[in-house]
Amino acid sequence: MSQTASVRVGGGVSEPAVIGRGTRQGCLLSPLLFNIYAEAMVREALAMLEEGVIVGGVLIRSVRYAADEATLAVTDDGLHRQMVQMDQVVRSYGMIISEKKTKLMMINECGCYTYEKCQILIIDTIFQYFPKACTGDNFGASCELDCNCDGTCDRVNGCGGTCSDSFEGNFCQALRSDRSCPTGYFGTLCGYPCHCAGGVDCQRTNGHCPNGVMCSEGWAGSDCQQALPRLLESPWVSDVTKDSVLLIWNAWTDGYDYGNGPVHSYQIDYTWTKDKDNTGESEVPLIITGDSTAEITGLSGFRYYDFYVSVRREVEGQVVAGIRSGPISAKPYCQAPQPVDSADVTSDSYNHMEITWSEPSSQCGAPSYNVSRRLLLIDQCDDSMADTVTWEVTGDTSIEYDDLLSYSAYEFTVLATLEGYDAETVYVIAYNSTESISTAPPEYFTVDSTVKGQLEYTWTSPPCGDRNGAVSYDYEFGEAGEEYVQRGNLMMASKSFEDLQHYVMYEFTVCPRTVVGPGPCISIQSRTLPSDVRVSGLEIGLIVVVVAVLLYAVAITFLHIQLSKHSGCDMHQLQPHLRYQLLSILRRHLEWG
């Protein structure tokens, strides 16, 4: 800054004189212009430093009054970093820090409300205060500075102003303007760090990023030296509904939060997670102007959200968002839908049916449905059970089928679901495509009647009997042709009856019962054995007489043939005598009986 001033003496004005320090006295504009100039220097120097003292929840980095500047820190290292950064920035503005007017004040933690117990130490110059000695070619509060000397280097003053050919400045920390800056720096004194994305090195003179590379996050401007504002604290959730979240945050405050203002607006972004394979983020950020609250609507009640708040600032005619603050997590309040509790089934043919159900209650919108069909029995016999098939039904409460098999049993289930959250239970529908019976009557039907007064029947199950075809057997038993019969149900394939009448015809009928009712029957008639045989004396005598008569007839016939052949005797002459003899024999036998 080149300033001149003239002194009015009497009625004349002296020749202009150059002002080397301070501002022109009596000019209201001069201190204002100086304060603007100095404010820019201090803001730039302290923008990205987190040193300072927190007072009432606000981070105070510096205190300024007129041309005086006081920087605050809680550690030696922090204060020294501030001074080195301040020295480099001030030199880039064509000014220097006065060593003689720079002092160090150290205040202990009082722990009281009166100043009598507080210890205050004032050192004439900050450059004389170092707690320990350095070794090698380093100096500074933490021995972090290179000496860069053309001669000796001490712990307090470094080179004492005698720098090597490549460096200049009070501490010999500034690279000469005709030298290339170290990687990652630029500017007349190489005091400005490059802030190009990906760590790309910037141009030596103006800090521009080459080949269209953008500024790294948190920085903006053509030279990427504008520190964008950033909230020190994360936002918090004030309210949650089934599809919205209300966020609140502390407005960005200069001197407390990071970066530089002024604030143009705030930007809200979010990411969401449903499970490890299902994630996403907000497509369009929400911009909030003039407020520090935001209601984010249209959210899903079954996702977990992480919300971020960025502070936006206008830089060189463009509004740019700084580094995001957060995240703060929240989940909208939503529950799974209620189960389906009723359904109607209609059918107009064996292979066609329609299921219609009522929509259950759901807090977060209409659910969709998973309808599953499982084939239980094919023709009520084969239970090999084809795989369960599931259909997803959206925007409707009915489903039709036209590929059902005849004489088969099905099970349908309807499950209400919303955003992958299922109702607690499913609605079950049992359905038979047509009225069905077993495929055959019992097989290998036999009866055992070898025991007097007893009949035992056995049979085998029909072809599907062992695979849920016949689960039991109905039977009828009674005398053939009689109305009274005995009925019952059996779980086994056999039945015996005892204490039956002897030598009576009985009839037994058995019918297999399936899951849909009784099937074809089979019947058999069987007679029981007679009682024991007993013959009286009279019956024996009659039998003997009959046998004797038969023998007599045979003997007469035989004699007749023989006599006629050999002697020519007439048999008719002998018949009366023989007849008498035979009658005598019969009479004796009858008397015995």
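## Where Ser-358 sits

Ser-358 falls in the loop that links β29 (352-357) to β30 (368-377); strands here are DSSP E runs of at least two residues, numbered from the N terminus, just as helices are H or I runs of at least four. This is a predicted model, where local features need pLDDT of at least 70 and side-chain atom pairs count only at pLDDT 80 or more, while totals for chains, interfaces and linings use all residues. Residues are numbered from 1 along each chain as its sequence is written, and side-chain values use heavy atoms, with hydrogens and water left out.

With a relative accessible area of 31%, Ser-358 is partly exposed (buried is under 20%, exposed over 50%, partly exposed in between, using a 1.4 Å probe and protein chains only).

## What Ser-358 touches

Skip the neighbours within four places in sequence, and Ser-358 is in contact with Val-340, Asp-341 and Ser-342 (heavy atoms within 4.5 Å). Ser-342 is 16 residues away in sequence, yet the C-alpha to C-alpha distance to Ser-358 is 6.3 Å. The two side chains also make a polar contact at 3.0 Å. That term means a pair of N or O atoms within 3.5 Å; within protein, one must be able to donate a hydrogen and the other to accept it, and residues adjacent in sequence count only if both atoms are side-chain atoms.

## The cores

The largest nonpolar core has 20 residues, and Ile-355, Trp-357, Tyr-401 and Phe-412 have the most contacts inside it (a core is a set of buried Ala, Val, Leu, Ile, Met, Phe, Trp, Tyr and Cys residues joined through side-chain atoms within 4.5 Å). β33 gives the most to this core, namely five residues.

A second, separate core has 18 residues, including Leu-231 and Trp-252.
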